[in-house]
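Q: Could you walk me through how to read a few features in a model like this one? I would like the general idea and then the case at hand.

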Amino acid sequence: MPPAKKKPVRKKNAAVRKKVVRRKRKPASKKSARRGFPWLKWLLGLTLLAMLVVGGYSLYLSQVVRIKFEGKRWAIPARVYARPLELYVGANLTTERLQAELRALGYRKVKKVGSVAQWSRSGSHFVFQTRDFLFWDGMEPSRRVSLRIGGSTVAALKDAASGKSLDVLRLEPPEIGSIYPSHKEDRVLVRRDELPDHLVAALLAAEDRDYFHHHGINLYSIARALMANVRAGRTVQGGSTLTQQLVKNFFLTPERSLWRKANEALMAIILDARYGKDEILEAYANEVFLGQDGDRAIHGFGLAAYYYFNRPLNELNLAETALLVGLLKGASYYNPRKHPERALQRRNLVLQLMVDQGFIDQKTADKAMKQPLGVGKKGRLSNARHPAFIDLVRRQLQRDYQEEDLTSEGLRIFTTLDPWAQQLLDKQISSGLSSLEKHRKLPAGTLQAAMVLVSPQGGEIRALSGGREAGYAGFNRALDAVRPIGSLIKPVIYLLALSHPDDYSLVTLLEDEPVHLKDARGRVWSPKNYDKKAHGLVPLHRALAKSYNLATVHLGLALGVRNVVSLLHSLGVQRELSPLPSLLLGAVSLSPLEVAQFYQVFAAAGFRSPLRAIREIVDAQGQPLQRYPLEVAQVAEPGPVYLLDRNLVEVMRAGTGRGIRRYLPESLEVAGKTGTTDELRDSWFAGFSGDWLAVAWVGRDDNKPAGLTGSSGALVLWGRVMKALKPQPLGLLSPEDIVYIWVDPQTGYLSADYCEGAIAMPFIRGSEPQLRSDCLGEERPGGSFFERLFD
């Protein structure tokens, strides 16, 4: 057989190779591609997920920004104002007081008045220009005024532009504080158009030169700051825009983290996209932190202008504005009151930056740099100036308003406070207590005091002191020091007696004899006079003038203790009182304000007016919300009150209050009563002139004996304050049913002006004494002094 043919191996292999090659050239299927690039799927998925998350989170942040920025941005405190000073020809006013009032309002003294809130003086002649002010009853426009003082009264009042006389002028009331939220933030809001141009320029120069050109963040500034910080090895420069700063303060917490920084940038972009530059700038100007006043944070340029310069923002000059902008870098570090050199350097740097960026020229900057800081010693609009009075206002408001209304709605509260009287009161309380401690050789700070000054006729509380440290918002003794009032209660008992003219008059003889009363437990109460003596039969007027305890107890028991309690309630005392005999000598505890309430009736001829610290309340737009009108109720007949007041004048002339003549001239008629409690723990005095009612208490917070009687303690403070206030004489007007009769002061019998020792005493008509003194005999030769006078 022939041999078999061999297969062409090479060709076959070539064919196989061609087949393999063809297979390699065959396009890859989709399945093969997915197996070859699995990461692509994850990349696309993660990208999509990130876009959804960022988009959703951006929508969430956009809602957060919208809700807060368009809603109620800040809780606006209730602003509290003092009374406006009313000027008219004849008004009591000294040059010293007018200057103090103008300074309290932040008016600047100049050589020639050229704009609002300026004043000048030439001798007793003043020229000043008031500010516009929205009162509760309408707008009072700005006007330039010419005023001349003669002695201690306004002698002339004219419009300086027209020369026409003015009937009356109200100066705008000084703002004395605010009632702010529990987080202690305070603001005076300003609108964009109220921001001075040089303030905006200083902000741009020092904080964000590209503010009107970026979109919320500035990448160039961030890079520039990063490079500067890297070169310095520490943080020396920031890259945040004004928008980012607003976001950080307004929306975010103060934590430092990349997450918060990312939120800040994203929200800044959203804020810039949704709102205009001017709107953002306005919010920034009201939000920034510019200082700390005790526990109160100073936010916004509006409040900072008052706090540092005692003037509204639109009245600040270039140098003052530059200082406020400089504080943005660190309000504590550059505090102009604590670190004036640092503050000065920072202010001047801001001014130079304004030059470098073309906002002002070098000459203007150099002039501003030469000016002093001009910062006041104390910040205005702080409750620390009048904490006791603000406390009283707040308590009276709580009867009509919720706490949230007071701390968030921007209410404007017009009060009765007289800043001049408050200033004098604070000064005399502090110096008076120090003098008493030195005289009594007591350690400094041992004694405390409280005092209330009231307008007698209207019951307006004009000033109030809760302690010797006027700026300390602690225990308010004027409202909360409820202490036994001692002999201050005696006029109530004597008024009750004089209200029964058939039984009692000023010359009725009272028994000043020992008293021994046993209570339900068998304990014996045996009161004594201060001099430890019994004086027998004494006329009623002398018993009160000399403050005899025994005569008062006999009188009170005869009238009935329950009737005394009932009269106290009618006079305005609201506390529940136990009708015990010891009440007749002041074993009843009241605060100085409560004492002032029932003494107000004595000073107002029997008419009670509830003591008030508030006149009007308006909302943030100036719309009246509530009025606190004068309320008057007659609770005692004018005749008996007149007799009592004449007796209280005698207290000051010949009784326990005669020490007042160290402070007031003999010719100045005032009325009052001292009060002293057991072991000399409490020293009281209550008294009134024609225009002031004042109640003073002196003692110790630990209730240990102070070693002071009413005349050696509280009367001293009362006298010092009254001397400073220069009060008007009492000038009591005799009611129609009062007649004056000559009597024998020892017996109370009818007498005549020619009889030795005879005095003319007032009586309610029909209650005149019937018995005749020995001097008269059977007939009355020549008649009385008054009969002969009109014969």
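This is a predicted model: local features need pLDDT of at least 70, side-chain atom pairs count only at pLDDT 80 or more; totals for chains, interfaces and linings use all residues.

Q: How is a salt bridge defined, and how many does the count come to?

A: A salt bridge is a side-chain nitrogen of Lys or Arg within 4 Å of a carboxyl oxygen of Asp or Glu. By this rule there are 35 salt bridges. In one of them, arginine 170 meets aspartate 137, with the closest N and O atoms 3.0 Å apart.

Q: Are arginine 170 and aspartate 137 buried or exposed?

A: Aspartate 137 counts as exposed, at 51% relative accessibility, whereas arginine 170 is buried, with a relative accessible area of 16%.

Q: Which residue forms a salt bridge with glutamate 175?

A: Its partner is arginine 79, and the closest N and O atoms are 2.2 Å apart. Glutamate 175 lies in strand β11 and arginine 79 in strand β1, so the pair ties together parts that are 96 residues apart in sequence. Helices (H or I, at least four residues) and strands (E, at least two) are DSSP runs, numbered from the N terminus. Glutamate 175 counts as buried at 6% relative accessibility, and arginine 79 does too, at 8%.

Q: In what order do the strands of the open sheet run?

A: Two strands pair if DSSP finds at least two bridges between them. Here 5 strands form an open sheet with mixed pairing, in the order β11-β1-β15-β25-β26. β11 (175-179) and β26 (624-627) stand at the edges with a single partner strand each, so one side of each is left without a neighbour in the sheet. Strand β25 (residues 614-618) pairs with β26 in the antiparallel sense over 3 bridges, and isoleucine 617 has glutamine 626 in β26 as its bridge partner.

Q: How many residues of helix α5 are buried, and what do they pack against?

A: In α5 (residues 197-207), 9 of 11 residues are buried. With contact meaning heavy atoms within 4.5 Å, these buried residues pack against α7 (242-250), α9 (277-287), α10, α11 (318-326) and α12 (340-356). As for α10 (residues 301-309), 9 of its 9 residues are buried.

Terms used. Residues are numbered from 1 along each chain as its sequence is written. Side-chain values use heavy atoms; hydrogens and water are left out. Buried means under 20% relative accessible area, exposed over 50%, partly exposed in between (1.4 Å probe, protein chains only).
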